[in-house]
Every structure is written in C-alpha cells, then in structure tokens.
Amino acid sequence: MIRPIININGTNPEDLIRARLDASRAVNTVIEYLKYVTPNGRDYPGDNERCVADRETHYARLRALRDLQGVLLEEALAIRDQQP
C-alpha cells in the first residue's frame, strides 16, 4: 500500500484523498464495462473447456480490479487518518 506522509511541504491531503477516490471510481467504471465482455458459452461452440478457462481468466481480472479498488480506498482512509 502507498502511504504518503502528510507534511507541510507535501501535497494537500485532500488532493491525495480525492485522487485515490477518483481512481477508485474509474476502476469501478472499468469493472462495469468488463461485465459486458464476460465469455459466454455460445461463443465457444464445441469447446466448453476453453470457455471455462476464459471465464476464469475474466473473473481473475475482475478480482484484481476489485483488489486494486480496495487498496485505493484503504490508502485514502490512511491519509485521512493522519490529519489532525
């Protein structure tokens, strides 16, 4: 996790938090669009194994994005908690 140290010479904490929240929202938008490209069995005639493998790859991508989203939110909270 990236945790900048809030100091008088650094970036404004509100800007650091806002950037992470904006990035988190952008990741959410990507997740929403990726739902439209979930592999579907009808596109794999006669090759169920490949469909299952491709779906697992797709779901792994979604999990990675959700993990990233969670980390961004944790960072924003960690920055917020440093404020007096």
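**Note on the helix pair and its surroundings**

1. Ile 6 counts as partly exposed, since its relative accessibility is 25%. Ile 6 sits in the segment before α1. The model is a predicted one, and the points below should be read accordingly.

2. Beyond its neighbours within four places in sequence, Ile 6 has contacts with Pro 13, Leu 16, Ile 79 and Gln 82.

3. Two packed helices are described by the angle and the distance between their axes. For α1 and α2, the axes come within 9 Å and the crossing angle is roughly 165 degrees. An angle over 145 degrees counts as roughly antiparallel, so α1 and α2 are roughly antiparallel to each other. The crossing of α1 past α2 is left-handed.

4. On the α1 side, the residues making this contact include Pro 13, Leu 16, Arg 20, Ser 24, Val 27, Asn 28, Ile 31 and Leu 34. On the α2 side, they include His 58, Leu 62, Leu 65, Arg 66, Gln 69, Leu 72, Glu 75 and Ile 79. Sorted by class, the contact of α1 with α2 comprises 16 nonpolar, four polar and four charged residues.

5. What makes up the largest nonpolar core? There are six residues: Val 27, Ile 31, Leu 34, Leu 62, Leu 65 and Leu 72. Both α1 (13-34) and α2 (48-82) supply at least two residues of this core. In soluble globular proteins, nonpolar side chains tend to be buried together.

6. Ile 31, one of the core residues, is in contact with Leu 62, Leu 65, Arg 66 and Gln 69, leaving aside its neighbours within four places in sequence.

7. Is Gln 69 buried or exposed? Gln 69, in helix α2, has 16% relative accessibility and therefore counts as buried, the cut-off being under 20%. Apart from neighbours within four places in sequence, Gln 69 is in contact with Ser 24, Val 27, Asn 28 and Ile 31.

8. Arg 20 belongs to helix α1. Its relative accessible area is 12%, so Arg 20 is buried. Not counting residues up to four places away in sequence, Arg 20 touches Ile 2, Pro 4, Leu 72, Glu 75, Ala 76 and Ile 79. Among these, Leu 72 is also a residue of the largest nonpolar core, and Ile 79 is also in contact with Ile 6.

Note on methods:
Residues are numbered from 1 along each chain as its sequence is written. This is a predicted model: local features need pLDDT of at least 70, side-chain atom pairs count only at pLDDT 80 or more; totals for chains, interfaces and linings use all residues. Side-chain values use heavy atoms; hydrogens and water are left out. A nonpolar core is a set of buried Ala, Val, Leu, Ile, Met, Phe, Trp, Tyr and Cys residues joined through side-chain atoms within 4.5 Å. Buried means under 20% relative accessible area, exposed over 50%, partly exposed in between (1.4 Å probe, protein chains only). Helices (H or I, at least four residues) and strands (E, at least two) are DSSP runs, numbered from the N terminus. Contact means heavy atoms within 4.5 Å. Axes are lines fitted to C-alpha atoms, for helices over the stretch in contact, and angles run from 0 to 180 degrees between N-to-C directions. Angles under 35 degrees count as roughly parallel, over 145 as roughly antiparallel, 65 to 115 as roughly perpendicular and the rest as oblique. A crossing is left-handed if the near helix is turned anticlockwise from the far one by less than a right angle, and right-handed if clockwise. Ala, Val, Leu, Ile, Met, Phe, Trp, Tyr, Cys and Pro count as nonpolar, Asp, Glu, Lys and Arg as charged, and the others, Gly among them, as polar.
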